[in-house]
Amino acid sequence: MGMTRGFGVDIGGSGIKGGLVDLEAGALDGERLRILTPQPSTPDAVADVVAEIVEKFEWTGPLGVTLPCVVKRGVAHTAANVDKGWIGTDAAELFARRLGKPKEDVVVLNDADAAGIAEMRFGSGRGKDGLVVLLTFGTGIGSALFVDGELIPNTEFGHLEVDGHDAEKRAAASVKEDKGLSWAEWAPRVSRYLNVLEDLIWPDLVIAGGGVSKKAEKWLPLLEVRTEVVAAALKNDAGIVGAAVAATQGLRH
Ligand code: BGC
């Protein structure tokens, strides 16, 4: 009996990462390949990189791809931290055409939704029912909302207005970096953001993802919030794993 494998590609503002996924273990099967995101990150330039990655692994099955955008039925509708040319682009159709695959074989979804799918299935959200929110702290803030394990797609909680500002402009990990904030200086910004979020949706659990989840012990203890907050378990690979799961399930919403 062969292992069930899938393939995922995670498109971010700085890197495009892809690899084979062991769908039973919820982990990469071998190395992942990371290529710098072309600048400007136009749809055609990004599609070339996606094709390069898929071809390198000689993958021919269903393909899952994430975008840092609202994605409905394969079409991108926003582009907060990526080239504006994505808005209105049928990404599923673009990747399918570039790869010579049928469109049904390509599933495109929001990057945080993909990470959330992986965390709920294999990571910190496993077996958690009720209202669970995964937040990815990176260049922006991504969100994925689950009710009893089921995804409510495209929530975009990173763009809540907090004290008159777009939340991700105050509390993303990139803000910590750009302003040279210490953990103790950044954590209150995250607390303030989470306070607004928890007053609006009353989650049972928040899963903190993104690169900074690797240093969770530095900042999770500093948060002053009502909701339980745990670190994501899958770290950098959650997007790839979740994309592969979504493709295998033929997820389209
Ligand atoms: C975008 C989201 C995305 C998040 C993380 C936000 O700026 O609006 O769609 O999930 O960044 O990349």
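Helices (H or I, at least four residues) and strands (E, at least two) are DSSP runs, numbered from the N terminus. A pocket, on a 1 Å grid over the protein atoms alone, is an open set of points where a 1.4 Å probe fits, with protein on both sides within 12 Å along at least five of seven lines; its lining residues have an atom within 4 Å of a point.

This is a predicted model, where local features need pLDDT of at least 70, side-chain atom pairs count only at pLDDT 80 or more, and totals for chains, interfaces and linings use all residues. Residues are numbered from 1 along each chain as its sequence is written, and side-chain values use heavy atoms, with hydrogens and water left out.

**Exercise 1.** Find out why the largest pocket lies between domain 1 and domain 2.

*Solution.* 
Step 1: start at the centre of the largest pocket, where F137, G138, T139, G210 and G211 lie nearest among 48 lining residues.
Step 2: look for the helix α5 (173-179), which gives the most to this lining, with 5 residues.
Step 3: bring in the domains, whose bounds come from an automatic or database domain assignment. Domain 1 (5-113 + 237-249) and domain 2 (127-232) both give residues to the lining, so the largest pocket lies between them.

**Exercise 2.** Work out which helix gives the most to the lining of the second largest pocket.

*Solution.* 
Step 1: collect the lining residues, including I117, M120, R121 and V245.
Step 2: pick out α3, which gives the most, with 3 residues.
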